[in-house]
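Please look over the structure below. The report that follows covers strands, aromatic rings and charged pairs.

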Amino acid sequence: MTPSADPTDDRLEPDNVTRALASFVSSTIDAGSKRAAAVALAIAGPPGGRRLLLTKRPSRLRAHPGQFALPGGGLDPGESAAEACLRELQEELGLVVTPDAVLGRLDDYATRSGYVISPFVVWVGDRLDELAPNEDEVAIVYEVDVSEIDTDPRFVYIEQSEKPVIQWPFRESLVHAPTGAVVHQFREVVLRGRHTRVADFEQPVFAWR
């Protein structure tokens with residue numbers, strides 16, 4: 001069940017999201033020996049009920065089974081990060097959008113498992129009825145309202161790293177980096193107008209492989 005949104009909270013409206021991202025200078029990372037990837041922070045739903053689309057991966061997958069994720073994946077040869085983001089959005093959720101649906105981007109995030117992830121904010125709008133999740137890649141699609149995004153993260157320390165592990169509280173779960181870090185930066189930049197960096201937030205050890 002999706003919680004009710006506050007109809008007076010318009011921070012996920014496209015003009016407001018675009019304006020917030022336009023004032024933010026994103027940081028990029030040269031992938032080098034890592035694999036370049038891209039994810040979509042897809043905003044969908046009717047006016048007064050905009051949502052961020054979050055997925056959970058099937059437990060049978062070899063890589064990161066059962067983890068929360070944003071739609072995305074590795075770049076194909078000759079493909080830009082933005083192109084990969086839109087392709088993955090279509091492949092995972094069945095949502096076809098044009099390049100002008102990209103409202104902006106956030107900072108690249110280098111993962112312990114060998115990827116450099118480029119996050120793009122993508123406008124889907126009132127088309128939730130077109131959602132067609134690919135069962136091979138997506139077990140659950142969550143519609144996350146603005147109040148759930150706008151939640152203070154938790155930080156914990158582990159003996160394997162000097163960096164804090166970020167945890168985004170989502171319903172009855174904790175979402176870790178990279179997804180938790182990317183959503184937290186979206187919250188900071190778009191909802192709060194704070195140009196917060198997240199590259200130094202750590203992942204839990206189970207996500208290192």
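The model is predicted.

## A three-stranded sheet

Strands β9, β10 and β11 form an open sheet in that order, with antiparallel pairing. The edges belong to β9 (154–156) and β11 (173–176). Each has a single partner strand, so one side of each lacks a neighbour in the sheet. On average, neighbouring strands here are turned by 40° against each other, direction ignored.

β9 and β10 (residues 165–170) run antiparallel and are joined by 3 bridges. Across this pairing, F155 stands opposite I166 in β10.

## Aromatic contacts

The whole structure contains 5 aromatic pairs. One of them is Y142 with F170. The geometry is edge-to-face, with 5.3 Å centre to centre and 85° between the planes. Y142 sits in strand β8 (residues 140–144) and F170 in strand β10, so the pair ties together parts 28 residues apart in sequence.

Both rings belong to buried residues. Y142 has a relative accessible area of 15%, and F170 has a relative accessibility of 2%. Y142 and F170 also belong to one aromatic cluster with F68 and W168.

## Salt bridges within and across elements

The structure holds 17 salt bridges. R87 counts as buried at 17% relative accessibility, whereas E91 counts as partly exposed at 37%.

R171 and E148 form another salt bridge, with the closest N and O atoms 2.7 Å apart. This pair links distant parts of the chain, 23 residues apart. R171 lies in the loop between β10 and β11, and E148 lies in helix α3 (residues 146–149). Here R171 is partly exposed, at 36% relative accessibility. E148 is buried, at 12%.

## A charged network

R187 forms a salt bridge with D150, and their closest N and O atoms are 2.7 Å apart. R187 is in helix α4 (residues 179–191), while D150 is in the loop between α3 and β9, so the contact ties together parts 37 residues apart in sequence. R187 is buried at 3% relative accessibility. D150 is buried at 16%.

How values were computed:
Residues numbered from 1 in each chain as written. Predicted model: local features only at pLDDT ≥ 70, side-chain atom pairs only at ≥ 80, totals over all residues. Heavy atoms only, no water. Pairing = 2+ DSSP bridges. Helix = DSSP H or I, 4+ residues; strand = E, 2+ residues; numbered from the N terminus. Axes fitted to C-alpha atoms, helices over the stretch in contact; angles between N-to-C directions. Phe/Tyr/Trp six-rings, centres within 6.5 Å; stacked < 30°, edge-to-face > 60°. Buried < 20%, exposed > 50% of the residue type's maximum accessible area, 1.4 Å probe, protein only. Salt bridge = Lys/Arg side-chain N within 4 Å of Asp/Glu carboxyl O.
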